[in-house]
Amino acid sequence: MQLSICTISFRHQLMSLDHLAQWARSHDFQGIELWGVHAISLESQPQYDAQWLKEMGLSISMLSDYLPLVGDPIVSQQKCAHICKLANYWNTNKVRTFAGHQASDEVNKNDREKLVTRLRHICEYAHQQGLNVLVETHPNTLADTTESILQLLDEVYHPALKINFDSLHVWESGADINYFHNQISDFVDHYHLKNIASREYLNVFSPDNVYSPAGSREGMTPLFEGALDYQHFIDGLSQNKNATASLEWFGNNVKQTLINDKKALDKFSRNIKQAELLF
C-alpha cells in the first residue's frame, strides 16, 4: 500500500510544500494528497511540480477538490477544466470530488437526474484528459449510503467514475465496511483512513466544523484507537502494493499523529507478513 499525507491536514498552519515534502520523505510516506485550494495557490510557484516531487521519491497521489454539480453549467465546466489541468500538471490521474451537498434521501428524482447528468459530463471531460473522477463516500451527498452509491455507479455508468473509499464514513452509514468494500472493490481507486472515539463525535467531521480554525476536534483519534476496528480491513489493504491511501487527519498535533499512525500501519503489515511465513 502506498501511503500519503494530506495537505488539508496542515490547512491552518503556515507551512510550505517544500517543507511538507521534505518531512513526508523523511518519514517514509510515498505521496501527498494535494488539496485543490493548495494546488491553485501553487500555480504562481512553478519551481514546484511533479518532476521536483519525483526527484524526492514522492508523487501527488490525488488532487482533492469540490467540482460543482449544481449551479451555472459554464462555471462548472470552467472549474472542471481548471482542476483537470492542475491534475495533469502534478501528474496524477485522480481527481476527488463530492456527489453534491445534500443527503441522498433528501434529493428528489428530478434533482438527482440533474446531478447525475452533470457528474457524467464531468467524467466525460476528465476521461478525455486521461483522468478518473473519484466520488468520496461521505454523509449528506449522493454517496452517503451503500444503496445510493451503488445506484450512482449504475446511473452515471462511465469508466472514469471511481470511488474514494472513506472507510469511516462508510462505517458511519451503518454498513459493514469489509462487505461493502468487496462489493465495489473494482471501482475503488483510493482510500481515506481516519477514526473517531465513538459515534457521538461523528459530527466533528462536518465541513462547517472541520474547516473552521475554531472548530472542535473532540473525538478525533489515532487510526487504531477509535471505534472503527481497522484490523480486518487493513489486513487486506496493506498487502495490496497497488493500493493508494491517505491518512486524513484533521485534529491537533498533526505531525506526531501522522508519524505514529504510519508506524502503527508499518508494524501491522510486518506482523501480517511474519504470520504468513509461519504457515
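Residues are numbered from 1 along each chain as its sequence is written. Because the model is predicted, local features need pLDDT of at least 70 and side-chain atom pairs count only at pLDDT 80 or more, while totals for chains, interfaces and linings use all residues.

I begin with the annotation. An unreviewed UniProt entry assigns "domain: Xylose isomerase-like TIM barrel" to residues 22-253; such annotations may be inferred rather than shown by experiment, and positions follow the numbering used here, with feature names shortened. Helices (H or I, at least four residues) and strands (E, at least two) are DSSP runs, numbered from the N terminus.

Next, the helix pair. Helix α6 (residues 146-156) packs with helix α8 (residues 177-184) at about 5°, the axes being 12 Å apart. Axes are lines fitted to C-alpha atoms, for helices over the stretch in contact, and angles run from 0 to 180 degrees between N-to-C directions. The two helices, α6 and α8, are therefore roughly parallel (angles under 35 degrees). On the α6 side, the contact (heavy atoms within 4.5 Å) involves Thr146, Ile149, Leu150 and Leu153, and α8 contributes Phe180, Gln183 and Ile184. By class, this contact has five nonpolar, two polar and no charged residues. Here Ala, Val, Leu, Ile, Met, Phe, Trp, Tyr, Cys and Pro count as nonpolar, Asp, Glu, Lys and Arg as charged, and the others, Gly among them, as polar.

On a 1 Å grid over the protein atoms alone, a cavity is a set of points where a 1.4 Å probe fits but cannot get out; a pocket is an open set with protein on both sides within 12 Å along at least five of seven lines; lining residues have an atom within 4 Å of a point. Grid points are joined across faces, edges and corners, and a volume is the space filled by probe spheres set on the points.

There are three cavities of 30 Å³ or more. The largest cavity holds about 150 Å³. It has 20 lining residues, with Ile8, Arg96, Tyr211, Glu248 and Phe250 closest to its centre. Strand β2 gives the most to this lining, three residues.

The second largest cavity, of about 50 Å³, has a lining that includes Glu248 and Trp249.

Finally, the second largest pocket has a volume of about 220 Å³. Among its 14 lining residues, Met15, Ser16, Leu17, His38 and Ser41 lie nearest the centre.

Key. Side-chain values use heavy atoms; hydrogens and water are left out. Angles under 35 degrees count as roughly parallel, over 145 as roughly antiparallel, 65 to 115 as roughly perpendicular and the rest as oblique.
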